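Please read it alongside the sequence and structure shown here.

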Amino acid sequence: MKVAVSFIKSRVNEKETVDLINKTSADFLHVDIMDGKFVENITYDFEDIELFVKDNKKPLDIHLMCKEPQAYIEEYLKLKPYNITFHIEAVANPQKLIDYLHDNGIKCGIAINPETNVKSILPYLESIDTVLVMTVHPGKGGQKFMKEMVYKVDKLNKLKGNFVIEVDGGVNNESISYLQNADIVVSGSYVCTSDNFEEKVRNLKE
Ligand code: DX5
Ligand code: ZN
């Protein structure tokens, strides 16, 4: 199991959190961007993120919880991320963004909210690299895992395509037991509010 760690909810500030994540065996740094429109909260400006990831060595997994994310994508491409994920609910023309990311050599993910069915992304499954299944309502860290979303992971595993399945929200040492069919899990508060990040990352990987 690969693990991406989100730094939005932590016991220390963002820069220190990113440094601590870098000392673990985590596979990705998950960057949550909220625009105050697609979700109520606003997280960071691009300049904030640039500062936080200045010394980061982990591949960046960027999660845009933003309405019409084209402008955000253009900006975040500058960080040379591993992938950028946008929400299917937030865009009018997903294929345009998929092609734009691929033309720029970046992998593309599509995220689906709890109320969104897998059906809505069927037309894109053969051209994307990641499906991000939300197991909380996007908008903040530290929420309870929605077990009733696990069926989407099983459903996606049966479908054709070259995508990996990533799960985001409320992942901890208990909910991980439902996620053995996922390829990547995102974890925020479980890892970053603890005093031993590596121990928590290992608990998820085992
Ligand atoms: C939710 C974010 C998640 C989340 C992860 O809006 O996309 O990445 O903050 O944090 P935990 O693991 O605390 O749910
Ligand atoms: Zn996220």
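Helices (H or I, at least four residues) and strands (E, at least two) are DSSP runs, numbered from the N terminus. The model is predicted: local features need pLDDT of at least 70, side-chain atom pairs count only at pLDDT 80 or more, and totals for chains, interfaces and linings use all residues. Residues are numbered from 1 along each chain as its sequence is written, chains are lettered from A and ligands numbered from 1 in the order in which they are written, and side-chain values use heavy atoms, with hydrogens and water left out.

**Shell around ligand 1**

- Ligand 1 is surrounded by 19 residues, each with a heavy atom within 4 Å of the ligand.
- Asp32, Gly142, Asp168, Gly188 and Ser189 are the closest of these.
- Strand 2 (28–34), strand 3 (60–65) and strand 8 (184–187) each give at least two residues to the shell.
- The most come from strand 2, which supplies 3 residues.
- By class, the shell holds 6 nonpolar, 10 polar and 3 charged residues; Ala, Val, Leu, Ile, Met, Phe, Trp, Tyr, Cys and Pro count as nonpolar, Asp, Glu, Lys and Arg as charged, and the others, Gly among them, as polar.

- A polar contact here is a pair of N or O atoms within 3.5 Å.
- The side chain of His30 has an N or O atom 3.4 Å from an oxygen atom of ligand 1.
- For the side chain of His63, the distance from an N or O atom to a ligand 1 oxygen atom is 3.2 Å.
- Gly142 places a backbone N or O atom 2.8 Å from an oxygen atom of ligand 1.
- Ligand 1 exposes 380 Å² when taken alone, and the protein buries 99% of that (Shrake-Rupley method, 1.4 Å probe).

**Pockets**

- A pocket is an open set of points on a 1 Å grid over the protein atoms alone, where a 1.4 Å probe fits, with protein on both sides within 12 Å along at least five of seven lines; lining residues have an atom within 4 Å of a point.
- The largest pocket has a volume of about 280 Å³.
- Its lining has 24 residues, with Gly141, Gly142, Gly169, Gly170 and Gly188 closest to the centre.
- Strand 2, strand 8 and helix 6 (189–192) each give two or more residues to this lining.
- The second largest pocket holds about 150 Å³ of space.
- Among its 13 lining residues, Phe28, Tyr82, Thr130, Val164 and Ile184 lie nearest the centre.

Conventions. Polar contact = N/O pair within 3.5 Å; in protein donor to acceptor, adjacent residues only side chain to side chain. Points joined across faces, edges and corners; volume = space filled by probe spheres on them.
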